[in-house]
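Subject: Structure handover

Hello,

The structure I promised is placed below. My notes on it follow; please read them with the structure open.

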Amino acid sequence: NGLDSEHLTFRLHPQAVIYGRVTDENGEAVRDATVRLFSVPKTSAERPSFQEQVQTNDLGDFRVAHLLAGRYCVVVETRPWYAQTAFSHLPDAASGNTGSTGVAALGFSHIPGAKPDLDVVYPVTFYPGVTNERSASELHLSEGETEQANIQIRAVPAVHIRMANLPSDRANQPGIAAVQNVFGSLPVGLAMQFTEVSPGEIEIAGLPPGDITFTLTPSGEPGPGTRIIEANVTGDGTVDASKPLPSANVSGRVILPEGFVETGDAAVMLLREGNSAAFTRLMKDGTFSLGAVPFGAYSILVRLSGQPKFIRNVSASGARANGRNLFIDGTKDVQLTVVMGQGVAEISGVAKQNGQPLDGVMVLLVPESGADLDKDSRIDQSDSDGSFLLSNIVPGKYQLLAIQDGWGLEWRNPAVLKPYLAKAQSLQIAANDAKKLFVDVQPFIK
């Protein structure tokens, strides 16, 4: 009552579009190719991050819509429909070793009598048609802009490698999977086939050239004994399976909130630069095993069904834990204990300037520690009556602030946010809290 309801302004931001066509070396359309879009960060210290993926249609066309202004890279991954995998080192029948063939990862059927000239692959290709990610061109999009990104891909001879020093007993052969990491973060599964050359040695065929990560799992599932091997396979060669990457076996237990019984698809993940680096199901007793995890920094994510849950505390032996982050730098077995909490909070209220409600204001809640800003911060725009609502807040210490015309502010940058924090409200948020507050609006600092 008493508010003007006839002069409302809705500010709509035009969204951008990237479209294009994928063709082969003969200019023919490539259908069912996977086109992935990566967002390029503003700082060179960060890697491009995966946004979404689409498939090309029967004309080789693709379209990615609803994009914000920014910089993007386009990546294509597919396999020639006519490819026939051939082996270079077939078993010696005279020796009595008839070998065995198998399919791993995203495998395709081996074709008897395959022609060597059809033993080809498409390497992962970056716009405008290069296979080295450092040579990839960026697309710079403004609000509402439409940009064309045609990409031509070229078939190259498939790489064959020999993997040595595997168990000689076929019954103990590990499961083998291979991926290429695009921009060092998104793992793309590779199709490959293998055959036994001799006891303890196999040939892997159908691989694209480049840096490839192999995962060897003794029982087909991550766990103790899992080995991770990185190799540059620009040409035929040998990979020693006895020399895995420095890594540690990670396992542990998730302690669920009191009275909660997990009945869904519970899982534990380690994320590296925002992408899944290790994944496993959670057992009914809360235990899990992620197998061998290479050295590096990871964030921990636990997926549970039902009402929102949050990680209350993480402790680790054999590695360092800080908040929900895990740092592995030694080969000792890592044992994690993850304590879950339940009951998120919400804050509602009114943004005011000089005692009067103000609309269109950016209301921001950030963790007092400055850590996990992307995960734990909450943001809203005040309505015509100055009201706002921040929900799904993980319990902890926070700072609440409101900034007029703050939508272009790089608030994730601590140096940019610091001047505003001096006038922010400090809050202690408990599980299931429902606070109602007034927040003073600060002017945008130019």
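**Strands and sheets**

Ile-212 stands opposite Ala-231, a residue of strand E19. Strands here are DSSP runs of E with at least two residues, helices are runs of H or I with at least four residues, and both are numbered from the N terminus.

This is a predicted model, in which local features need pLDDT of at least 70 and side-chain atom pairs count only at pLDDT 80 or more, while totals for chains, interfaces and linings use all residues. Residues are numbered from 1 along each chain as its sequence is written, and side-chain values use heavy atoms, with hydrogens and water left out.

E19 and strand E18 (residues 211-217) run antiparallel and are joined by 6 bridges. Two strands are said to pair if DSSP finds at least two bridges between them. An open sheet of 4 strands, paired antiparallel, has the order E15-E14-E18-E19. Its edge strands are E15 and E19 (227-232), each of which pairs on one side only.

Elsewhere, strand E37 (residues 434-442) pairs with strand E30 (residues 345-353) in the parallel sense, over 7 bridges. Ser-348 stands opposite Lys-436 of E37. Strand E35 (residues 396-403) also runs parallel to E37, with 2 bridges joining them. Ala-402 has Val-441 in E37 as its bridge partner.

**Aromatic rings**

Rings of Phe, Tyr and Trp (its six-membered ring) pair if their centres lie within 6.5 Å; planes under 30 degrees apart count as stacked, over 60 as edge-to-face and the rest as tilted. By this rule there are 4 aromatic pairs. In one of them, the ring centres of Phe-38 and Phe-183 are 5.0 Å apart and the planes are at 65°, so this pair is edge-to-face. Phe-38 lies in strand E2 (residues 34-40) and Phe-183 in the loop between strand E14 (175-182) and strand E15 (186-189), so the pair ties together parts that are 145 residues apart in sequence.

Phe-183 also forms an edge-to-face pair with Phe-126, at 5.4 Å centre to centre and 70° between the planes. Because Phe-126 lies in strand E8 (residues 125-126) and Phe-183 in the loop between E14 and E15, this pair links parts 57 residues apart in sequence.

Is Phe-126 buried or exposed? Phe-126 is buried, with a relative accessible area of 4% (buried means under 20%, exposed over 50%, partly exposed in between, with a 1.4 Å probe and protein chains only). Phe-183 is buried too, at 6%. Phe-38, Phe-50, Phe-126 and Phe-183 form one aromatic cluster.

Regards
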